[in-house]
Amino acid sequence: MTTAPAGYTYDQELPASPVTEQDLTELLADVMWTDADARALRRAGEILAPQASDILDVWYDFIGSTPHLISVFRGPDGKPDQEYLERVRARFERWITDLCTRGFDYRWLAYQEEIGLRHTPAKKNLTDGVQSPSTYVPMRHLVALLVPITMTIREFLQRGESNPNEVEAMHQAWFKAATVSVTLWTRPYAAELW
């Protein structure tokens, strides 16, 4: 059994998400989620989970080379805090597996809320005990990062599946599930309007 990453609290008791089952049902309808997507996402997880570290290499290369994105990981000296980056990376790797393998239930909703809070002034920096001058991740960047975390996944899916139709189905399911996850992360930014 692998050790949970530092700060990973999925399997701990978390406060319930304010997102209701009805809200989630509507959100899944918004992304056109189907039972076929659920099956394709599970299959994607079998392919992506063993490659999570390689996927994070690609994502972190992008983030690290984009000044406004890496700036949220600054330490008190204004430079990227490598320990902070590594702790977040380990949880991000776990998110890939969780997204593909966990049921969209109350526990999953509670952890999505926790992830969202960790991007806002309410909890940013607290989980990892860092002294970053960056007190939040701008919501615009959180949402826009859906593009690189979706566009880059196809090549990893192709490493484990040669049928282009299967790859497309898994890629579509990933995109839908990642969109739902990131949308849930935005709730703490604008609770009244969400």
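R89 is buried, at a relative accessible area of 10% (buried is under 20%, exposed over 50% and partly exposed in between, with a 1.4 Å probe and protein chains only). The model is predicted: local features need pLDDT of at least 70, side-chain atom pairs count only at pLDDT 80 or more, and totals for chains, interfaces and linings use all residues. Residues are numbered from 1 along each chain as its sequence is written, and side-chain values use heavy atoms, without hydrogens and water.

**Exercise 1.** Determine which residue forms a salt bridge with R89, and where the pair lies.

*Solution.* A salt bridge requires a side-chain nitrogen of Lys or Arg within 4 Å of a carboxyl oxygen of Asp or Glu. The partner of R89 is E93, with the closest N and O atoms 3.1 Å apart. Both residues belong to helix α5, four residues apart, about one turn of the helix. Helices are DSSP runs of H or I with at least four residues, and strands are runs of E with at least two, numbered from the N terminus.

**Exercise 2.** Describe the salt bridge between E113 and R187.

*Solution.* First, the closest N and O atoms of E113 and R187 are 2.4 Å apart. Next, E113 is in helix α6 and R187 in the segment after α10 (164-185), so the pair ties together parts 74 residues apart in sequence. Finally, E113 is buried at 8%, and R187 is buried at 13%.

**Exercise 3.** State whether M32 is buried or exposed.

*Solution.* M32 is found in the loop between α1 (21-30) and α2 (35-48). Because its relative accessibility is 63%, M32 counts as exposed.
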